[in-house]
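Here are some notes for a colleague who has not seen this structure before. Please read them next to the sequence and the model.

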Amino acid sequence: MFDFIDNLLSGNEDTMAYICNAVLLTILFITFVFIFVLFQQKSLNRLGYKREYINKNYVNVLYSSNWRDDELAVLLIIPGNPGQAGYYQEYMDLVILHSDEQFRACVVSHVGHSPASDNIFNVRDQIESKLQFITAKLEPGTKIHLIGHSFGAYIALKLFEKGIKLEKSILLFPTFDNMGQMPKAANLRMLLRWQSQITAVAWLTELLPGQLKNKMIQFYSAKFSKNIQDHMSATIAELITPKSLNNVFGLATNEMAVIKDPDFKLIKKFKDKLVFYYGMHDLWAPLDCLRKLRKAVPAVNFHIADEEVLHAFMFSSCKKVALKTVEFLTGNTRYDINNLIPNFEEVAAAARADGDLEYDFCDD
């Protein structure tokens, strides 16, 4: 140590070069951290989140541009899993647009998902978070319509069970029936086995500036979805962090353990306020589930999406689903299978003769 000081005082060139390099590296490191934080913040700001304090935790919420008009009924959009609100930005905007602003809307992220948290939150926590948002953030007497997507449909049903006064509500591609037995559950279990490796990769991507990370996501996402928008790449970037992924995986594990047989008595009680929207080839909510639902609650109001509309509709079919949502909310439509499959009865009879039960979902 004293030799180092002596060399410094005597102007030793090696010592001076060492100090200059150390200072330079420190400055570069601080600059990198500053740029990283700045870009990350800009990335999240572009999503237009408002951070709300709900039930002792912070949650990011997306509000429609007409949110301050408190005379309008509220559309409360509940995400699936992953539960970042940003995935539903375009869908929410289109619903407001095509309903001629008859409603105001918000998307409430899942606690622990956005913003990400070290704590892992389960199914009960997510239900309680949405319940607290309604009771603490919405004015008494507000008319509330729920729109639950995937796991969000399960939460919506639980909010009906809690006794919250709700208007007509839409359950999109609903997963409320024995989730661990669904065809896609095997894929999820495989991902869960690789959780530590996936979160390690996510940790490495956190070292990248936000805009670069978004560009990489857009590049790779283009292989699966054309014209992915900036808000979607920013939302995926928000997901790809160790804290967020651990919450997504933790919630998924709990979903498979908790979501068992549907509460058909509850659905029967509120059937006039519920619209179920299924996909033709949805492996999280297959038509077998609709068949069970119709057998238990024959008068249930159900609809089936066009064949190309997928479970994660937000990436490619926002407009179609938004238009259907407005139709469900503002009209009294019921499903007519012949609009989707001409000569349905003949097609279904031929399928049954071949042992194919795909079309049995319409049988009483």
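Which residue forms a salt bridge with Lys324?

1. The partner is Glu327, with the closest N and O atoms 3.7 Å apart. A salt bridge here is a side-chain nitrogen of Lys or Arg within 4 Å of a carboxyl oxygen of Asp or Glu. Both Lys324 and Glu327 lie in helix α13, 3 residues apart, about one turn of the helix. Helices (H or I, at least four residues) and strands (E, at least two) are DSSP runs, numbered from the N terminus.

2. On the origin of the values: this is a predicted model, in which local features need pLDDT of at least 70 and side-chain atom pairs count only at pLDDT 80 or more, while totals for chains, interfaces and linings use all residues. Residues are numbered from 1 along each chain as its sequence is written, and side-chain values use heavy atoms, with hydrogens and water left out.

3. The structure holds 10 salt bridges. In one of them, Lys243 meets Asp118 at 3.7 Å, N to O. Lys243 belongs to helix α10 (residues 242-258) and Asp118 to the loop between β4 (103-108) and α4 (123-137), so this bridge ties together parts 125 residues apart in sequence. Lys243 is partly exposed at 40% relative accessibility, whereas Asp118 is exposed at 61%. (Buried means under 20% relative accessible area, exposed over 50%, partly exposed in between, with a 1.4 Å probe and protein chains only.)

4. Asp306 forms a salt bridge with Lys320, the closest N and O atoms being 3.2 Å apart. Asp306 sits in the loop between β8 and α13, and Lys320 in helix α13, 14 residues apart. Asp306 is partly exposed at 33%, and Lys320 is partly exposed at 36%.

5. A search of the whole structure finds 11 aromatic pairs. Rings of Phe, Tyr and Trp (its six-membered ring) pair if their centres lie within 6.5 Å; planes under 30 degrees apart count as stacked, over 60 as edge-to-face and the rest as tilted. Tyr63 and Trp67 form a tilted pair, 4.7 Å centre to centre with 50° between the planes. Tyr63 is buried at 18% relative accessibility, and Trp67 is buried at 17%.

6. Phe176 and Phe276 have ring centres 5.7 Å apart and planes at 50°, so this pair is tilted. Phe176 lies in the loop between β6 (169-172) and α6 (185-193), and Phe276 in strand β7 (residues 274-278), 100 residues apart. Phe176 is buried at 5%, and Phe276 is buried at 0%.
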